[in-house]
Amino acid sequence: MASPSPKFYDEILKPDGSARPGCEYVAQWLSENKPADIATLNQQALSMFYRRGVTFTVYSEASNIERVIPFDIIPRIIPADEWRMLEKGCEQRIRALNMFIDDLYHEQHIIQAGIIPAKQVLVNDCYQPWMSGIRLPHPIYAHISGIDLIRHGDDGCYYVLEDNLRTPSGVSYMIEGRNISESLLPDLFGKQKVLPVSDYPALLKENLIACSGRDDPNIVVLTPGRYNSAYYEHSFLAREMGVPLVHGYDVFVEDNFAYVKTVTGRHRVDVIYRRLDDPFLDPLAFRPDSILGVPGLMAAYRAGNVLICNAPGTGVADDKSIYPYVDDMIRFYLSEEPVLHNVPTYQCRKPDDLKYVLDHLDELVVKETQGSGGYGMLIGPKSTKQEIADYRKRILAEPEGFIAQPTLALSTCQTCVDEGIAPRHIDLRPFVLSGPDKVRIVPGGLTRVALREGSLVVNSSQGGGVKDTWVVETGETS
């Protein structure tokens, strides 16, 4: 097992090699087992993922290769008291973001107050005029969210890297990863009280029912199809919730009501948990060439006859150009100080920020405001002079399309790699369910790991993998 780097916060080991609170059993297990034996367990985990069909698609490759998600058998540990702080911060953040979206499509108080420039949102590609004036039964737009968190620096402080409010993925990896941990590491798992994540599908269904306002709503999961990178998750959640998985051609709208076609006839649909992006939802409202969505769906939604989760137009709040304002949203809507803070961010649409970014491209991480999946980024310290020069041209051509941030010292966690056991950079995506009466967060979420040495990109499409996240009650044994 390699010693942690003094430059990065290691989640399991202190700089002197001793275990952090809550990590004692995992550290002991790592020291008592040979790397080759742990690698064998890792291979068994990969085989289990393969047999269960836990895959993702790499769109950047011409053949759209479907791959098994790499799973690392060494868990990431979070003490329960630390988790409660993260839980509080994520709940506060998503409450403010939901209030922002509701305000944006109605009175726009935050714009009138001068906190966010109107241009930042009203000409944003994700702003949907179709949503203006719709009064939802409950002012919730992001029913299901994924908040990406990182630790930065040797002090281990948490920061929010980005908010995922459109169709966040990864919860199936979280649950399947836990199943593997319990199966392959029963002794280690049983030595401590690890808080459960398996009830997420039941909580998700409860949340969709509560948001619908109906006692026994008919719920469907709308998928773009099996060639989508997250199709496994769509089918997994539909199966676990006991609801139909449907395609756009399975659903139709008549007299502003949505129906699903079945072998026993048509049945009214009350809730659509959609896993396709806004432009493809309804060819009559958005992209007319979409064959994935349901014609007339937005008319049924505006009439209040079907609930779409997450709501159309939600993406305007997780756009990277809006991200720098979330701390101000919390203060404006909740009159509270943020529990979790943003990473310092330069907005290239601002002349002073643009000048700084262009002068320091070799030191910064630059992202497209509409980018996702780790694509379209420049990581300055790891880029060639030519790559930096080419990216500079892109920024100058459209400054408002980019933000920049310092190169972060992401925390590391001991990971099983080809070289043995070594630290690799990680992040954390808790999954947040927003209901009319409360916000629920299953303890742990998904830890993503950059498997390549020195890489800061954890996305699976960019060579990353996943770990199980154990939230443990320290000082207790089961």
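Residues are numbered from 1 along each chain as its sequence is written, and side-chain values use heavy atoms, with hydrogens and water left out. Because the model is predicted, local features need pLDDT of at least 70 and side-chain atom pairs count only at pLDDT 80 or more, whereas totals for chains, interfaces and linings use all residues.

The largest nonpolar core contains 71 residues. A nonpolar core is a set of buried Ala, Val, Leu, Ile, Met, Phe, Trp, Tyr and Cys residues joined through side-chain atoms within 4.5 Å; buried means under 20% relative accessible area, exposed over 50% and partly exposed in between (1.4 Å probe, protein chains only). Among the residues with the most contacts inside this core are Phe100, Val121 and Met329. Helix α3 (residues 80-104) supplies the largest share, 10 residues. Helices (H or I, at least four residues) and strands (E, at least two) are DSSP runs, numbered from the N terminus. A second, separate core of 61 residues includes Leu13, Val26, Leu208 and Val472. In soluble globular proteins, nonpolar side chains tend to be buried together.

Helix α2 (residues 35-52) has 18 residues and reaches 26 Å from its first C-alpha to its last. This span is close to the 26 Å expected at 1.5 Å a residue, the expected value being 1.5 Å times one less than the number of residues. Ile38, Leu41, Asn42, Ala45, Met48 and Phe49 of α2 are buried. Viewed down the axis, the buried residues of α2 fall within an arc of 115° (taken from the directions from the helix axis to the C-beta atoms), so they line one face of the helix. Ala36, Tyr50 and Arg51 are exposed on the other side of α2.

In strand β19 (residues 412-417), 6 of 6 residues are buried. Thr412, Gln414 and Cys416 lie on one side, and Cys413, Thr415 and Val417 on the other. Strand β19 runs antiparallel to β20 (residues 420-429), to which 6 bridges join it; two strands pair if DSSP finds at least two bridges between them. The two strands form a hairpin with 2 residues between them.

Arg151, in strand β4 (residues 144-152), counts as buried because its relative accessibility is 5%. A polar contact of 2.4 Å joins the side chains of Arg151 and Glu82. Such a contact is a pair of N or O atoms within 3.5 Å; within protein, one must be able to donate a hydrogen and the other to accept it, and residues adjacent in sequence count only if both atoms are side-chain atoms. The Arg151 side chain also reaches the backbone oxygen of Gly156 at 2.7 Å.
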